[in-house]
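Open the structure in your viewer and keep the selection tool at hand. This tour goes stop by stop, telling you what to select and what is there.

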Amino acid sequence: MRVLYFGTYERRYPRNAQVISCLRRAGVEVVERHVSIWDDREQKWGLGLSVLPRLALAEARLLRRPRGAADAVIVGYPGQLDLAAARRAARGRPVVFNPLVSLADTLVGDRGRFRPGSLPARLLTAIDRRALRAADFVVADTQANADFLAELSELPEQRFAVCFVGAEEAVFQPGWAPEDPATAVFVGKLIPLHGLETVLGAARFAPEVRFRIIGSGQLESLLESRPENVEWIRWVEYDLLPGELHRAACALGIFGTSDKARRVIPNKAFQALACGVPLVTADTPAARELLADGESALLVPPGDPEALAAALRRVLTEPEFAQRLADGGHAVYRDQASEDVLGARWRSLIESRL
């Protein structure tokens with residue numbers, strides 16, 4: 001089987017890299033038709049109107065018919081504007097959309113860049129809906145997100161499938177060996193989804209716990225008055241992240257209270273599980289699709305810094321419990337989110353539409 005991975009997708013983003021890696025591992029030939037828009041932009045959602053000329057040029061280039069035939073075309077993330085060109089490239093073959101997020105949900109509901117009901121909000125919703133309807137089927141990262149996208153697009157649930165995000169196993173491998181002093185590590189963009197306020201609140205409730213925050217983004221100002229037990233590192237090379245996780249006492253997931261936060265399992269959660277590191281994250285419908293509280297992760301109420309502080313004290317002071325979480329989390333990863341499992345899942349989904 002030959003698949004064309006298509007669009008202005010962010011090539012280095014884990015969801016895209018992981019899907020391509022999983023498909024190739026499953027014996028699928030993957031060729032790419034990629035026009036770069038986002039790859040040299042760390043904060044792509046903050047570019048505003050300045051990106052429009054580059055995007056228009058990219059879409060014009062994508063409209064040229066690619067050489068060679070493919071059994072299916074996958075439009076990568078972010079790719080809401082790439083569907084028209086993808087249909088032309090598919091030549092009647094199935095078009096699969098891998099959106100990961102809704103533009104309106106991200107920029108309006110989660111990051112608050114536009115007011116609900118405003119003209120930009122309505123335009124983003126229309127773009128989302130048009131893209132979802134243009135695909136033959138859509139692959140979401142969780143069932144909670146699939147249900148949301150089906151409602152947004154007013155399409156039947158049969159047009160949607162679910163495949164977890166997973167982790168790039170060429171980078172993220174087991175090797176947990178926590179070092180002293182014990183540290184809880186947060187990795188990710190500093191955006192509302194991740195619940196940075198909750199993490200900083202937990203640091204104040206538990207001054208004896210060390211925190212390392214790795215990332216940058218729109219909420220950086222919150223770290224200007226961070227407690228003394230919080231270390232902030234703006235950037236760590238991607239290949240060095242496993243080392244940060246291996247040395248940590250535990251990894252922090254997301255703790256935001258938005259609707260979007262309830263529907264996603266972030267990349268960093270899968271990366272921690274792949275590394276065999278205890279994971280502490282919010283108790284959400286999406287998390288419950290994969291994780292069991294006290295067995296494969298420690299789940300806490302979203303937006304509750306006091307509960308997070310208590311959870312971290314338990315992980316850091318009960319080594320046998322922490323080891324059970326580490327072992328249970330990695331077992332769940334192997335059974336439900338490894339590259340072998342996800343590769344077979346992606347291949348089966350595409351073959352079922354051929």
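This is a predicted model: local features need pLDDT of at least 70, side-chain atom pairs count only at pLDDT 80 or more; totals for chains, interfaces and linings use all residues.

**Stop 1: a sheet from β1 to β6**

Select strands β1 to β6. They form an open sheet of 6 strands with parallel pairing. Read across it and the order is β2-β1-β3-β4-β5-β6. Now colour β2 (29-34) and β6 (160-162), which stand at the edges. Why is one side of each left without a neighbour in the sheet? Each has a single partner strand, so nothing in the sheet pairs on that side. Neighbouring strands here are turned by 25 degrees against each other on average, with direction ignored.

Next, zoom in on β1 (residues 2-7) and β3 (residues 72-75). These two strands pair in the parallel sense over 4 bridges. Click Phe6, then find its bridge partner in β3, Val75.

**Stop 2**

Select Tyr77 and Pro78. A cis peptide bond joins them, with omega at about -15 degrees. Pro78 sits in the loop between β3 and α3 (83-90).

Go on to Arg91, in the loop between α3 and β4 (95-97). Its phi is near 55 degrees. That is a positive value in a residue other than glycine.

Then select Asp180 and Pro181. The peptide bond from Asp180 to Pro181 is cis, and omega is near -5 degrees. Pro181 belongs to the loop between β6 and β7.

**Stop 3: a sheet from β7 to β12**

Select strands β7 to β12. Here is an open sheet of 6 strands with parallel pairing, in the order β9-β8-β7-β10-β11-β12. Which strands are at the edges? They are β9 (230-233) and β12 (298-300), and each pairs on one side only. On average, neighbouring strands of this sheet are turned by 25 degrees against each other, direction ignored.

Look at β11 (residues 279-282) beside β12. They pair in the parallel sense over 3 bridges. Click Thr281: its bridge partner in β12 is Leu299.

Helix α7 lies across β7 (183-187), β8 (210-214), β9 and β10 (250-252). Against β8, α7 runs at about 155 degrees.

**Stop 4: two helices crossing**

Keep α7 on screen and show α12 (residues 305-317). Packed helices are described by the angle between their axes and the distance between the axes. The axes of α7 and α12 come within 8 Å and cross at roughly 60 degrees. The crossing is right-handed.

Show the side chains where they meet. From α7, pick Thr198, Val199, Gly201, Ala202 and Phe205. From α12, pick Pro305, Glu306, Leu308, Ala309 and Arg313. The residues of this contact divide into 6 nonpolar, 2 polar and 2 charged.

**Stop 5: the largest cavity**

How many cavities of 30 Å³ or more does a search of the whole structure find? The search finds 3. The largest cavity holds about 60 Å³ of space.

To locate the largest cavity, select its lining: Ile254, Ala261, Val264, Ile265, Pro266, Ala269, Thr281, Ala282, Thr284, Ala287 and Leu291. Colour these residues by class. The lining has 9 nonpolar, 2 polar and no charged residues.

Conventions: Residues are numbered from 1 along each chain as its sequence is written. Side-chain values use heavy atoms; hydrogens and water are left out. On a 1 Å grid over the protein atoms alone, a cavity is a set of points where a 1.4 Å probe fits but cannot get out, and a pocket is an open set with protein on both sides within 12 Å along at least five of seven lines; lining residues have an atom within 4 Å of a point. Grid points are joined across faces, edges and corners, and a volume is the space filled by probe spheres set on the points. Ala, Val, Leu, Ile, Met, Phe, Trp, Tyr, Cys and Pro count as nonpolar, Asp, Glu, Lys and Arg as charged, and the others, Gly among them, as polar. Two strands pair if DSSP finds at least two bridges between them. Axes are lines fitted to C-alpha atoms, for helices over the stretch in contact, and angles run from 0 to 180 degrees between N-to-C directions. Contact means heavy atoms within 4.5 Å. A crossing is left-handed if the near helix is turned anticlockwise from the far one by less than a right angle, and right-handed if clockwise.
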